[in-house]
Amino acid sequence: MLFLGIDLGSSSVKLSIFDADRGTAVASVSVPEIEMTFYAESYGWAEQDPELWWHYVKVGISDLSKSHHIDLKSIAGIGIAYQMHGLVLTDGNLRPVRPSIIWCDSRAAEIGDAVYDKIGHENCQKQILGSPGNFTVSKLKWVKDHEPELFLQAVHMMLPGDYIAAKLSGIAQTTVSGLSEAALWNFSEGRLATEILDAFDLSPTLIPQIVPCFGDQATIDPTVASELGLNSKTKITYRAGDQPNNALSLNVLKPGEIATTAGTSAVIYSVTDRDVYDKNNRVNTFLHVNNEQEKKRNGVLLCINGSGILYSWLRKIMSLGSNELISYNMMNSEVVKAEPGSKGLRFYPFGNGVERIFNNKPVFSGIQNLNFNLHQTPELARAACESIVFAMNYGFDIMKEIGAGGTVVRAGMANLFLSPVFRDIFVNTTQTSLELFNTSGSEGAARGAAYGFGFFKTLDEAYSGLHCVEQIEPKQNLTSLYTDIYQEWKMNFNIIYNENEYNKTSLF
């Protein structure tokens, strides 16, 4: 029995076919070949066209059939993972009334902060375990205030994955986990946070049907099934944001287990059975995919918006504007040539919108100690990797403060974790053991779909075939070295950060 996993990112759409009988993925594709771009009409904005996402989902499904000879009619269930916190507004016919305001768009941060003050910090944290900040509900309010004519056309407010599910099924829905990432879930009472909607002067009628993360959510629309070559009985049986789904993909489901990823952004995600939160809102708590009324499961999420994209930016710079970008493998081979510490070169990877660990302030990127005679391509590439890990560790320290730390972290063999040097920097800076798995977000979404369909009776059964392919332990000499380098990086950044007070011009 086959299951399709769709992982809607901001750079690409990845799709995998999971053979549940064999317990393994049998085909995967990623579209488009060139990374999707953001549109930014103003500073701090980031938008994408939802219809373009849908186009690439269809292209990916077609590729699975043509290139991998997958019998699409054998697909029993579909799981969808997606970029978190985005806002998709559609009319009653599921047509977007405007582009999606995606996760790294920072225009609504001040709106969220104002409502946070209005509700009262303690009261708000009790309800949604944090601040509305720059999350989906704040973006919805921005549209109402600044684009009233478009807002009046909106019938449904959805997250990016909800939109893909709606295009497949013809039904607008969202999940309880999705509502928590939109800052619209009342943790204390286990329901839609209507008090938050009231504070924003927003109507609950915009919230579509609420469904669980796992289970029979909807059946594919017959017309869509015919167009895509799917079976008209195929069901959508799983849906979650990309970071909870990444944790699911790595079988990170129990309290104390931790997942990480470093793609466009960099994330550490820790599972807990408590309603913990950071009083300063530097890390955020959401419902995990396996949360149940009698078995609480939350995910504490650290996100560094600007980190992973630094490596992508550096790749473009190294490619000298060519349409034929150098490969990440080539960049990773350059990293190996440089010594730890990158001869004193330091990056501060905070250049992709506001950063949560700095209270949603626009902390810009910077380079320090650059010497034109001393630093070449290897040092640039390695300094980027080191600074990304340093930024992650800066946030990891915050997670430890609220009891969401740990000593064992799991990651997929993807993105920056494909680099052996990056992995070494990570374990020796964070002083954790790193377990690597040969899986992906789209494969995890497909496994989730198999469990939601009922093929597997438990999640343990669904992940019985997933095995660690490599475990990396800290080395005492490197741990000592990176502790010193990290502390110097942190001290210099704190000096720069405090002196500039979020100066929007430059950190230097």
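Analyst: A patch is made of residues with over 30% relative accessible area and no salt bridge, like charges being joined within 9 Å and nonpolar side chains (Val, Leu, Ile, Met, Phe, Trp, Tyr) within 5 Å. Areas come from the Shrake-Rupley method with a 1.4 Å probe, and for residues only the protein chains shown count as cover. This is a predicted model, in which local features need pLDDT of at least 70 and side-chain atom pairs count only at pLDDT 80 or more, while totals for chains, interfaces and linings use all residues. Residues are numbered from 1 along each chain as its sequence is written, and side-chain values use heavy atoms, leaving out hydrogens and water.

User: What is the area of the nonpolar surface patch made by Ile 367, Leu 370 and Phe 372?

Analyst: Phe 372 lies in the loop between β20 (366-368) and α13 (377-401); helices (H or I, at least four residues) and strands (E, at least two) are DSSP runs numbered from the N terminus. Phe 372 is exposed, at 71% relative accessible area (buried is under 20%, exposed over 50%, partly exposed in between, with a 1.4 Å probe and protein chains only). Together with Ile 367 and Leu 370, Phe 372 makes a nonpolar patch of about 320 Å².

User: How many of the residues of helix α14 are buried?

Analyst: Helix α14 spans residues 420-430 and is mostly covered. Its buried residues include Val 421, Phe 422, Ile 425 and Phe 426, and also Arg 423 and Asn 428. Of the eleven residues in α14, the buried ones number nine.

User: Which residue with a positive phi follows α14?

Analyst: Thr 430, at the end of α14 (420-430), is buried. After the helix comes a residue with phi near 55°, and this is Gln 431.

User: How many salt bridges are found in the whole structure?

Analyst: Side chains of opposite charge can pair when their charged atoms come close. A salt bridge is a side-chain nitrogen of Lys or Arg within 4 Å of a carboxyl oxygen of Asp or Glu. A search of the whole structure gives a count of 27.

User: How far apart in sequence are the parts tied together by Glu 47 and Arg 107?

Analyst: Glu 47 and Arg 107 form a salt bridge, with their closest N and O atoms 2.8 Å apart. Glu 47 is in strand β4 (47-48) and Arg 107 in the loop between β7 (100-101) and α2 (109-119), so the pair ties together parts of the chain separated by 60 residues.

User: Are Glu 47 and Arg 107 buried or exposed?

Analyst: Glu 47 has a relative accessibility of 5%. For Arg 107 the value is 11%. Both values are under 20%, so Glu 47 and Arg 107 count as buried.

User: Which residues are linked with Glu 47 and Arg 107 in a network of salt bridges?

Analyst: The pair of Glu 47 and Arg 107 is a salt bridge. In the network, Glu 47 and Arg 107 are joined by Arg 98, Asp 105 and Glu 147.

User: Which strand holds Lys 235, the partner of Asp 216?

Analyst: Asp 216 and Lys 235 form a salt bridge with closest N and O atoms 3.5 Å apart. Asp 216 is exposed at 53%, whereas Lys 235 is partly exposed at 25%. Asp 216 lies in strand β13 (214-219), and Lys 235, 19 residues away in sequence, lies in strand β14.

User: What is the N to O distance between Asp 275 and Lys 296?

Analyst: Asp 275 is in the loop between β16 (266-272) and β17 (284-287), and Lys 296 is in the loop between β17 and β18 (298-304). Asp 275 is partly exposed at 29%, and Lys 296 is partly exposed at 32%. Their side chains meet in a salt bridge with an N to O distance of 3.4 Å.
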